[in-house]
Amino acid sequence: MKIAILSRNPRLYSTRRLVEAAEQRGHQAIVLDHLRCDLVIEQGDPHILYKGERLTDIDAIIPRIGASVTFYGTAVVRQFEMMKVKSAVDSQAIVRSRDKLRSLQILGRAGLGLPKTAFTNYSKNTSELVKEVGGAPLVIKLLEGTQGLGVVLAETKKAAESVIEAFHNLRARIIVQEFVAEAGGADIRAFVVNGEVVGAMKRQGREGEFRSNLHRGGKAMLIRLTRQEKAAALLAAKSLGLGIAGVDMLQSKRGPLILEVNSSPGLEGIEKATQKDIAGRIIEYVEGMTQKKPKQRIKE
């Protein structure tokens, strides 16, 4: 197979591992910067130009679309889909997952546990909003934030109201969410591929930090999911239509609470914590989608 990995940086760990895993299984892997793709929409002949050359003979793509370029990145994925090229992650599923509010609504409709969340159209009634999610302390998140950026812990009611009002004055879209104290600054990342949890880790924030993101200095360790946690992760990925997903959840007294579902989850933390070939599982999934499997697995 000829597999294109849509990534802006071929040196990133996740990109390199996908290339290695594809080549180890006898496939040709190329890295395409999706922002350098020109889309030509034509009746009966949609195609893509890359650095002036027409892309041909690509069997499948693996999108690694950054949050800051979701609009154009998903347009490129849609163009490949129009060209009948299989995508490991559906373009509309990427759009759903990137909209924090929409994804929470979908997850809530599916019956999944969530931290209590409120959203408002710049309402001045901040006191009532704080009360609705259980009062302070609470978490305030920018809808466009990633990797722990744009996330604030307000420890008092007065602080919460001040932060909410400040964001509203800046016309920034935010959600207000209950703070789950018993999680202890830790969360779980379950990595789902093709309806199966292929790895899971617990991420613990550094001392004094309530955010557990590895980009914020958190540490990752192997964890064995409970049956309830595994079921929640699978249902979350399925509800958003994601064949590949990183499902982040909190452990709480009332069961797992889904925080977010990532459509381009990083591989470095999960592979190092689990010592599993997650990239290889993704390539196997792509093979199954296209029904083009190698005759035998190439040994490392």
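## Terms and basis

Ala, Val, Leu, Ile, Met, Phe, Trp, Tyr, Cys and Pro count as nonpolar, Asp, Glu, Lys and Arg as charged, and the others, Gly among them, as polar.

The model is predicted, with local features requiring pLDDT of at least 70 and side-chain atom pairs pLDDT 80 or more, while totals for chains, interfaces and linings use all residues. Residues are numbered from 1 along each chain as its sequence is written, and side-chain values use heavy atoms, without hydrogens and water.

## Second largest pocket

A pocket, on a 1 Å grid over the protein atoms alone, is an open set of points with protein on both sides within 12 Å along at least five of seven lines; a cavity is a set where a 1.4 Å probe fits but cannot get out, and lining residues have an atom within 4 Å of a point. Volume is the space filled by probe spheres set on the points, which are joined across faces, edges and corners.

The second largest pocket has a volume of about 200 Å³. Its lining divides into 6 nonpolar, 2 polar and 3 charged residues. Strand β13 (residues 196-204) gives the largest share, 4 residues. Among the lining residues are Leu 222, Arg 224, Lys 230 and Lys 276. Helices (H or I, at least four residues) and strands (E, at least two) are DSSP runs, numbered from the N terminus.

## Cavities

The whole structure holds 2 cavities of 30 Å³ or more. Lys 141 is one of the lining residues.

The second largest cavity contains about 50 Å³ of space. Its lining has 7 nonpolar, 2 polar and 1 charged residues, including Leu 18, Arg 64 and Ile 282.

## Helix α3

Ser 91, Ala 93, Ile 94 and Ser 97 are the buried residues of helix α3 (residues 91-98). They cover an arc of only 160° around the axis, so they lie on the same side of α3. Buried means under 20% relative accessible area (1.4 Å probe, protein chains only), and the arc is that of the directions from the helix axis to the C-beta atoms.

These buried residues pack against β6 (60-63), α2 (70-82), α4 (100-109), α7 (227-240) and β16 (255-262), with contact meaning heavy atoms within 4.5 Å. At the N-terminal end, Asp 90 caps α3 through a side-chain oxygen 3.0 Å from the backbone nitrogen of Gln 92.

Notes:
Buried means under 20% relative accessible area, exposed over 50%, partly exposed in between (1.4 Å probe, protein chains only). A polar contact is a pair of N or O atoms within 3.5 Å; within protein, one must be able to donate a hydrogen and the other to accept it, and residues adjacent in sequence count only if both atoms are side-chain atoms.
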